Amino acid sequence: MFTTDNVFLFIPNLIGYARVVFGIAALYVMPSQPTIAATLYLLSGFLDAFDGHAARYFNQSSQFGGMLDMLTDRCMTMALLVTLSTFYPSWVFVFQLSMVIDISCHWIHMHTSLLLGKGSHKYIDPSENTFLRFYYTSRTFLFTMCAGNELFYAMLYLLYFTEGPLVLGIGLFRILVIVCTPIAVFKSILAVLQGYIAWKNLGDLDIRERQELKEKSG
């Protein structure tokens, strides 16, 4: 079995580097080559399902890998939303709001998880929200939500260029957008819930630290 103590060469992190390369390539061709761009974008997202498995299998989980994974997800989605804003100007506010929710809620969740000394941002304490805990512990549910969300934006991107092959007289890309819309909306709701809990935990941490300081000075 492949073993190394060099975190930069951990197998899940090598997968992460590949995701970055595929993602940047997708952005480069996104304005004019939709098929290639969507393929690279979805490939980058698809690999996200494997880096976690590799980390567990090879016992190579790391804070470096967790941050790389999180930033790749956030940056790729944000970049695609910027493109969609130029394609669908009447929906700019919706895309802007989606970016704000995605970036802010995931960032505060990651930051608070590190401050609380959690080994992973995916660890949810049993005393915290039960539904959010299920979201992170059920790999099937997590994959469905993440894949459905990315597929929604990718199909919305492709729909700007073409309806795709017809299924019962309706374009495949339009069908996938309709099917994935509830998933994308629900994932944003989960992100808001995640952000709320993170802010609450951060406030509670401040309260505990101030109380400890008073006890020491008293």
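Tutor: Ala, Val, Leu, Ile, Met, Phe, Trp, Tyr, Cys and Pro count as nonpolar, Asp, Glu, Lys and Arg count as charged, and the others, Gly among them, count as polar. Please keep in mind that this model is predicted.

Student: What makes up the lining of the largest cavity, by class?

Tutor: That lining has three nonpolar, four polar and four charged residues. Among the residues that line the largest cavity are Arg74, Asp102, Glu150 and Lys187; Arg, Asp, Glu and Lys count as charged. The elements giving two or more residues to this lining are α3 (63-87), α4, α6 and α7. About 100 Å³ of space lies in the largest cavity, and the count of cavities of 30 Å³ or more comes to four.

Student: Why is Thr112 called buried?

Tutor: The cut-off for buried is under 20% relative accessible area. Thr112 has 2% relative accessibility, and therefore counts as buried. Thr112 has its place in helix α4. Leaving aside neighbours within four places in sequence, Thr112 is in contact with Ala198, Asn201 and Leu202.

Student: Why does Lys118 count as buried?

Tutor: The same cut-off of under 20% applies. Lys118 stands at 16% relative accessibility, so Lys118 counts as buried. Lys118 is found in the loop between α4 and α5 (130-137).

Student: How do you know that the sulfur of Cys180 is too far from another cysteine sulfur for a bond?

Tutor: A disulfide requires two cysteine sulfur atoms within 2.5 Å. The closest cysteine sulfur to that of Cys180 is in Cys146, 13 Å away, which is too far for a bond. Cys146 is accordingly in no disulfide, and the structure holds zero disulfides.

Student: Why is Cys146 called partly exposed, and why is Cys180 called buried?

Tutor: Buried means under 20%, exposed means over 50%, and partly exposed lies in between. The relative accessible area of Cys146 is 26%, so Cys146 is partly exposed. Cys180 is at 5% relative accessibility, and therefore counts as buried.

Technical notes: Residues are numbered from 1 along each chain as its sequence is written. This is a predicted model: local features need pLDDT of at least 70, side-chain atom pairs count only at pLDDT 80 or more; totals for chains, interfaces and linings use all residues. Side-chain values use heavy atoms; hydrogens and water are left out. Helices (H or I, at least four residues) and strands (E, at least two) are DSSP runs, numbered from the N terminus. Buried means under 20% relative accessible area, exposed over 50%, partly exposed in between (1.4 Å probe, protein chains only). Contact means heavy atoms within 4.5 Å. On a 1 Å grid over the protein atoms alone, a cavity is a set of points where a 1.4 Å probe fits but cannot get out, and a pocket is an open set with protein on both sides within 12 Å along at least five of seven lines; lining residues have an atom within 4 Å of a point. Grid points are joined across faces, edges and corners, and a volume is the space filled by probe spheres set on the points.
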